Each structure stands twice: as structure tokens, then as C-alpha cells.
Amino acid sequence: QEQLVESGGGLVQFGGSLRLSCTVQPFIIARYAMAWYRQAPGKERELVAVTKIDEHTKYRDSVQGRFTISRDNAKNMVYLQMNSLKPEDTAVYYCNLADSDTYQPLTNWGQGTQVTVSS
């Protein structure tokens, strides 16, 4: 069974919205910080947002105020609501378990979900 499965990506116009979902293997999510990362073509993967076990959240500056990360431990799900999307948000988005101090990913990557924002 895959540990992480992302979904919800797609093609959206500038200023549009998308909601990404991440299904996490049961009995794992409640014990870890969870994060969304993204990788644009030709660039390194970068942290987008983190939700800690106590649901404290942290965002990279470029998405602050536009993106919202949330978690539902009962459903084994992590979400990323993305509003006011910009072309520079175009990337493959991944979720992962994250170290609560360094935010480094802790397990193998899933297949990701492609987000494309047209100008």
C-alpha cells in the first residue's frame, strides 16, 4: 500500500483556486508533522507549507495569505487550499511526513499532483 497519494491538481487560470488532497497511510498521520512541497521544472523541490501535530502551521513567504494547509487525522488526510494562484505556482506538488524542527521530508515521495497556472 502506498504511503502517500496526492490528488486534486489541474489546469487553472491566473487568480483561480485549487484544493489538493493527500491520503496518508492509516495510523501514521497523527504522529507526524505533515507538509506540502513542490517542484517546478528545472528547479529543486521546495517546502510550501507545514502543519505540525498541534496544528501550528508555517508557510513559505510567497504563498503566505494565499494557501492554507490543514489536516484531518480521523480521515488520514492532509489538504492544501490554494487561492489567488499565480503562474509561478506551477509545479508538481507532493505531500510528505516532515521533521517537526527542520521540515525535511521523512519518507518516500508519492507520485505528486501537477498544478498548472496559466497567465
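Visitor: What is the length of the polar contact that joins the side chains of Thr 107 and Gln 3?
Guide: Happy to start there, bearing in mind that this is a predicted model. Along the chain Thr 107 and Gln 3 are 104 residues apart, yet their C-alpha atoms are separated by 8.6 Å. The side chains of Thr 107 and Gln 3 are joined by a polar contact of 2.6 Å.

Visitor: Is Thr 107 buried or exposed, or does it count as partly exposed?
Guide: Thr 107 sits in the loop between strand 9 and strand 10. Leaving out residues up to four places away in sequence, it touches Gln 3, Leu 4, Asn 96 and Leu 97. Buried would need under 20% relative accessible area. Thr 107 has 22% relative accessibility, so it counts as partly exposed.

Visitor: Which residues form the one aromatic cluster?
Guide: Let's build it up from the two aromatic pairs. Tyr 37 and Trp 109 lie 5.1 Å centre to centre with 85° between the planes, an edge-to-face pair. The rings of Tyr 94 and Trp 109 have centres 5.5 Å apart and planes at 65°, so this pair is edge-to-face too. The one cluster is therefore made of Tyr 37, Tyr 94 and Trp 109.

Visitor: Which residues touch the most other members of the largest nonpolar core?
Guide: This core has 27 residues. Elements that give two or more residues to it include strand 4 (33-39), strand 7 and strand 9 (91-98). A second, separate core of six residues includes Ala 33, Ala 35, Val 50 and Ala 98. In the largest core, the residues touching the most other members are Trp 36, Phe 67, Leu 80, Met 82 and Tyr 93.

Visitor: What is the relative accessibility of Arg 66?
Guide: Arg 66 is placed in the loop between strand 6 (57-59) and strand 7 (67-72). Setting aside neighbours within four places in sequence, its contacts include Met 82, Ser 84 and Asp 89. Arg 66 counts as buried, because its relative accessibility is 10%.

How values were computed:
Residues numbered from 1 in each chain as written. Predicted model: local features only at pLDDT ≥ 70, side-chain atom pairs only at ≥ 80, totals over all residues. Heavy atoms only, no water. Helix = DSSP H or I, 4+ residues; strand = E, 2+ residues; numbered from the N terminus. Buried < 20%, exposed > 50% of the residue type's maximum accessible area, 1.4 Å probe, protein only. Contact = heavy atoms within 4.5 Å. Core = buried A, V, L, I, M, F, W, Y, C linked by side-chain atoms within 4.5 Å. Polar contact = N/O pair within 3.5 Å; in protein donor to acceptor, adjacent residues only side chain to side chain. Phe/Tyr/Trp six-rings, centres within 6.5 Å; stacked < 30°, edge-to-face > 60°.
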